[in-house]
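Please open the model in your viewer and keep the selection panel at hand. The tour moves from whole chains to one interface and then to the sheets.

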Amino acid sequence: MAAPLLLQGGRVVDPSRDLDETADVLIQDGRIAAVGPGLGAPAGATVRDVRGTVVAPGLVDVHVHLREPGNEDEETIATGARAAAAGGFTAVCAMPNTDPVTDNQAAVGFIVRQSLRAGFARVYPIGAISVGQRGQQLAEFGEMVGAGAVAVSDDGKPVVSSHLMRTALEYARTFDIPVADHCEEPSLSAGGVMHEGLVATRLGLKGIPAAAEEIMVARDILLAELTGGRVHLCHLSTRGSVELMRRAKERGLRVTAEVTPHHLSLTETACERYDTHAKMNPPLREAADVAALRQALQDGVIDCVASDHAPHAYDEKEAAFDDAPFGIVGLETAFGVAYTELVQGGALTLPQLILRMSTVPAQVFGLAGGTLRPGAPADVVALDVTAGWSVDAARFHSKSRNTPFAGRSLTGRAALTLVAGKIVHDARAAAEG
Amino acid sequence: MAVAVIELAHGTDDLVLIGIQRRGVELAERIAKLIEQQEGVLVPRGALDITLYRDDLQTVGPKPVIGETRLPGDLTGKHAVIVDDVLYTGRTVRAALDELADFGRPKRISLCVLVDRGGRELPIQADVVGKVVKTGPGDVVEVQVAELDGRDQVDVVRGARQ
Amino acid sequence: MTAALGKDLIGLERLSPDQIRLILDTAEPFKEVSERPIKKVPALRGKTIVNLFFEASTRTRISFEFAEKRLSADTVNVAATGSAVQKGETLVDTAKNLEAMRIDMVVIRHASSGAAQFLGDRIRSNVVNAGDGKHEHPTQALLDLLTIRDKLGRIEGVKVCLVGDILHSRVARSNIWGLTKLGAQVAVCGPHSLMPRGIEELGVTVLRRVEEAIEWADVLNVLRLQLERMEAGFIPSLREYYRVFGVTVERLAKAPRALTVMHPGPMNRGVEIDSRVADGPHSVILDQVTNGVAVRMAVLYLLAGGKPELADAAKGPAAGGTD
């Protein structure tokens, strides 16, 4: 059994208990043993001075693409979990649009095994809603949950059939798992490569109107009401979606939603000069959308921040805008972008950000973590929110480099990440190594 | 100079004056007027812009303002007299000869300049010269004509070029 | 003095009014070159130009090829039509290959918006955009501007209406930039299902009906309607399009003033334009074609020596001398 570890002198922020004070955190046997000021170090304990950092429950990302199996040149479960740890995440949920699709018990089990072998951040599989993500026949939710799936989603593709979405929500009630939907009405978005607006008009690129997302958000909310199921809406991007969510929450429906750091910080203008690193789906929208999304996160209308980490090989983005794939990597910039834009930008307090990046996503997906309550697994992050750093994609632990934030100066990054009490990322050691 | 041109051409038959843009065009007009006063014949005049025939596009970049090229009909069988203000390296005349060749086959081409400042880089000589001025590469010869510059004047500025 | 165009001509959006005027003024003497018995000047002798057409085009390619040959450049035509999936890959590889062959200029036509920019950012050679997706077709707009200037003697204050499929038209975008920069009043007219979002913010008026356009405009620039727009459901039928938006003799008869009709070609007679209009006295369509060669010669000529540092050097002391 590993020696006890005392994290000494940090600013402990635990939104699950409304805690924000200078305190020590004692970790023993992989769990939080105690949190409080001036804790003594038990015999044989390692003491780590974390003064000047924020000690918080490890960040939780409910939406990542780890590409294994199928595209291990872009990312593997091990490199993705390592990148997550470097970003301060102790748990991530892997979307099932792998090759082959994670739509059965064996495929879910493979991801669980690979993640245990890798041993960095915890990786929770999300199973497919439909067999092969083809949008027709329901996948075996029960078997997948038995093997470790924490939710179902056809992400990467929308659930086009309203009937399928309805039955998925109804059927998922048995297992009390959320059904995560990528909201996109495909006949409206077909061929679109960026937000439908003035920039698309100028660049001559086909736009994806906000309505393509909002129609599906509205539909899913109506189906959640009809079925009593738990719907989780992925990466909302428009002010219209925010309004629909606000009304759904007011009516007490079981609807949750996430937003990405890039939709909280960038607009359609990032696509200028055909920068393919700004090509993502849903697309970057307008300043008014960004403002509405920030407000919604502050109000809790949107529940959590998720990265939608989507690695692509270096040469895939080296193409004409129409031909480049959608998506960017986000695990190693998520906290820095969110802290810089939202906390330093005045939209959220630091405890609110931790709430939205750790406590709430863990609750929504029913995961361990998101808390420093004694007895909970010691999934902990010490965040350095003082030093600025510059994003250097070449230094990512992820296998891919496709980020629109390259060269950006950010504040806020993980100094130390622990999963079950074990150090999985140590910026000091990494810097010295 | 007009007299010399007539002598050179043995009269005005078949004579065509071709001015090089820009001041050569004005000089050609003046010579034509003088010939008209003397001989009672208005000889055909043309204008030639040699910009597109220069051999230094790669080194000095494009010259944005290209003047008009306008020739009085086919030059085949004519005696073309090229008129320019200053004869220096000879490259302009070389370009003008190339360009004229694309407009027909004159029976003879002559060269008439107001100032010959020496410094030739090509084996080209003028047939009619208003004035010979000895200059060095650092000097600038500025010709002003009333039609374009408001006055007629030739200045030699010593050491004007670095 | 010298308003250099820079390394590439990607679109008119990024050119200044002075740069656009420079190209138009430079095109004037090139018109005369095409009237000579020997239609050729040695200005680009020794330059190698590749015409890289990823999308079929007869007239634009021929126009560029004439322009290049009349400037004495050596030209190579590459017609590359790749599958949708391989397009991007091909473009990167093509760029690297061209660079390796030390060519001087590339004229590129591509179905993807931004392809010309993409190429220009990656090779040292000059790049001329001959149409990229729905983005820009700068030389077409330049020849349209030259034709308007020839016909009406000015561009400033002229009322020009672009009629047809604005949404998918690179010609429309380049024309809007060029015309507005030179002080024309610009309107667009077409079915709203073929009108891009936020087009008014580019400084144009949207006219609902073609009758309004004819009443308002000095110049109508009638855009080609692609057949696939009907198949994609943007309009119900070509027949109805002609009934509602076709530029016909009967409609033109109601014009309150002399109206000039332009078309970038190739025309769909009886779809967007009545044959009697295309061949009639309002039409300057063939003048556009003639001007196309002159404008392209001007662009190639200005870009050829157009390394900015050289253009700057030309402004220096040497420019004061004669000979």
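Contact, as used throughout, means heavy atoms within 4.5 Å. This is a predicted model, in which local features need pLDDT of at least 70 and side-chain atom pairs count only at pLDDT 80 or more, while totals for chains, interfaces and linings use all residues. Residues are numbered from 1 along each chain as its sequence is written, chains are lettered from A and ligands numbered from 1 in the order in which they are written, and side-chain values use heavy atoms, with hydrogens and water left out.

No contact joins chain A and chain B, and their closest C-alpha atoms lie 28 Å apart. Two pairs of chains are in contact, and of these chains B and C share the most contacts.

Next, select chain C together with chain A. Here 26 residues of chain C are in contact with 18 residues of chain A, and the two chains bury about 1800 Å² between them, 50% of it on carbon and sulfur atoms; buried area is the accessible area (1.4 Å probe) that two parts lose on being put together, summed over both. Four salt bridges are found across this interface, a salt bridge being a side-chain nitrogen of Lys or Arg within 4 Å of a carboxyl oxygen of Asp or Glu. To see a salt bridge in detail, show E13(C) and R202(A), whose closest N and O atoms are 2.8 Å apart.

Which helices of chain C each supply at least two residues of the side that touches chain A? They are α3 (87-100), α4 (115-122) and α6 (170-181) of chain C, where helices (H or I, at least four residues) and strands (E, at least two) are DSSP runs numbered from the N terminus. Coloured by class, that side of chain C shows nine nonpolar, seven polar and 10 charged residues, with Asp, Glu, Lys and Arg counted as charged, Ala, Val, Leu, Ile, Met, Phe, Trp, Tyr, Cys and Pro as nonpolar, and the others, Gly among them, as polar.

Stay with chain C and turn to its sheet. Four strands form an open sheet in the order β2-β1-β3-β4 (chain C), with parallel pairing; two strands pair if DSSP finds at least two bridges between them. Strands β2 (74-79) and β4 (126-132) of chain C stand at the edges, each with a single partner strand, so one side of each is left without a neighbour in the sheet. From one strand to the next the twist averages 15°, with axes taken as lines fitted to C-alpha atoms, for helices over the stretch in contact, and angles running from 0 to 180 degrees between N-to-C directions. Strand β1 (residues 48-53) of chain C is joined to β2(C) by six bridges, and F53(C) has A79(C) as its bridge partner in β2(C).

Finally, select chain A, where eight strands form an open, parallel sheet in the order β6-β7-β8-β9-β10-β13-β14-β15. Its edge strands are β6 (59-64) and β15 (304-305) of chain A, each pairing on one side only. Within this sheet, β13 (residues 231-233) and β14 (residues 255-259) of chain A pair in the parallel sense over three bridges, and H232(A) has T256(A) as its bridge partner in β14(A). Helix α8 (residues 239-250) of chain A lies across β13 and β14 of chain A, at about 145° to β14(A).
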